[in-house]
Amino acid sequence: MLGLVLLLLAIWLAISIIGLVIEGLVWLFIIGAVLFVLTSVWGWIKRNSGG
């Protein structure tokens with residue numbers, strides 16, 4: 001489970017960086033940042049709940 005969360009976080013981080021680097025893709029950065037935060041929170045909740 002932790003491996004999946006880390007993989008997703010890496011993907012969202014890469015998407016966010018691409019969105020920042022390429023002009024006109026700020027929306028991609030926003031989506032990547034939101035998904036990164038949601039995945040982090042989801043992983044933290046799963047880890048603390050023992051599931």
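Trainee: Which residue follows helix 2, and is its phi positive or negative?

Mentor: G50 follows helix 2, and the phi of G50 is positive, near 80°. Helices here are DSSP runs of H or I with at least four residues, numbered from the N terminus.

Trainee: What should I keep in mind about the model?

Mentor: This is a predicted model: local features need pLDDT of at least 70, side-chain atom pairs count only at pLDDT 80 or more, and totals for chains, interfaces and linings use all residues. Residues are numbered from 1 along each chain as its sequence is written, while side-chain values use heavy atoms, with hydrogens and water left out.

Trainee: How do I check a helix length? What span should helix 1 have?

Mentor: Take 1.5 Å times one less than the number of residues. Helix 1 has 20 residues and should span 28 Å. Its end C-alpha atoms lie 29 Å apart, which agrees. Now helix 2: its 24 residues reach 35 Å from first C-alpha to last, close to the 34 Å expected.

Trainee: Which residues of helix 1 are buried?

Mentor: Buried means under 20% relative accessible area, exposed over 50%, and partly exposed in between, with a 1.4 Å probe and protein chains only. In helix 1, V5, L9, W12, S16 and G19 are buried.

Trainee: Why do they line one face of the helix?

Mentor: An α-helix has 3.6 residues a turn, so residues three or four places apart point the same way. Seen down the axis of helix 1, the buried residues fall within an arc of 85°, so they line one face. That arc is taken from the directions from the helix axis to the C-beta atoms.

Trainee: What covers that face?

Mentor: The cover of helix 1's buried residues includes helix 2.

Trainee: Take T39. Is T39 buried or exposed, and what does T39 touch?

Mentor: T39 sits in helix 2. Its relative accessibility is 8%, so T39 counts as buried. Contact means heavy atoms within 4.5 Å. T39 touches V5, L8, L9 and W12, leaving out residues up to four places away in sequence.

Trainee: Are L38, R47 and G24 buried or exposed?

Mentor: L38, in helix 2, is exposed at 53%. R47, also placed in helix 2, is exposed at 67%. G24 lies in the loop between helix 1 and helix 2, and G24 is exposed at 61%.

Trainee: How many Å separate R47 and G19, C-alpha to C-alpha?

Mentor: R47 and G19 are 30 Å apart in space and 28 residues apart in sequence. For L38 and L2, the figures are 15 Å and 36 residues.

Trainee: What volume has the largest pocket?

Mentor: Rolling a probe the size of a water molecule over the atoms shows where empty space is left. On a 1 Å grid over the protein atoms alone, a pocket is an open set of points where a 1.4 Å probe fits, with protein on both sides within 12 Å along at least five of seven lines; lining residues have an atom within 4 Å of a point. Points join across faces, edges and corners, and the volume is the space filled by probe spheres set on them. The largest pocket here has about 190 Å³. Of its eleven lining residues, L2, V5, G43, W44 and R47 are the closest to the centre.

Trainee: Which elements give two or more residues to that lining?

Mentor: Helix 1 (2–21) and helix 2 (26–49) do. Helix 2 gives the largest share, five residues.
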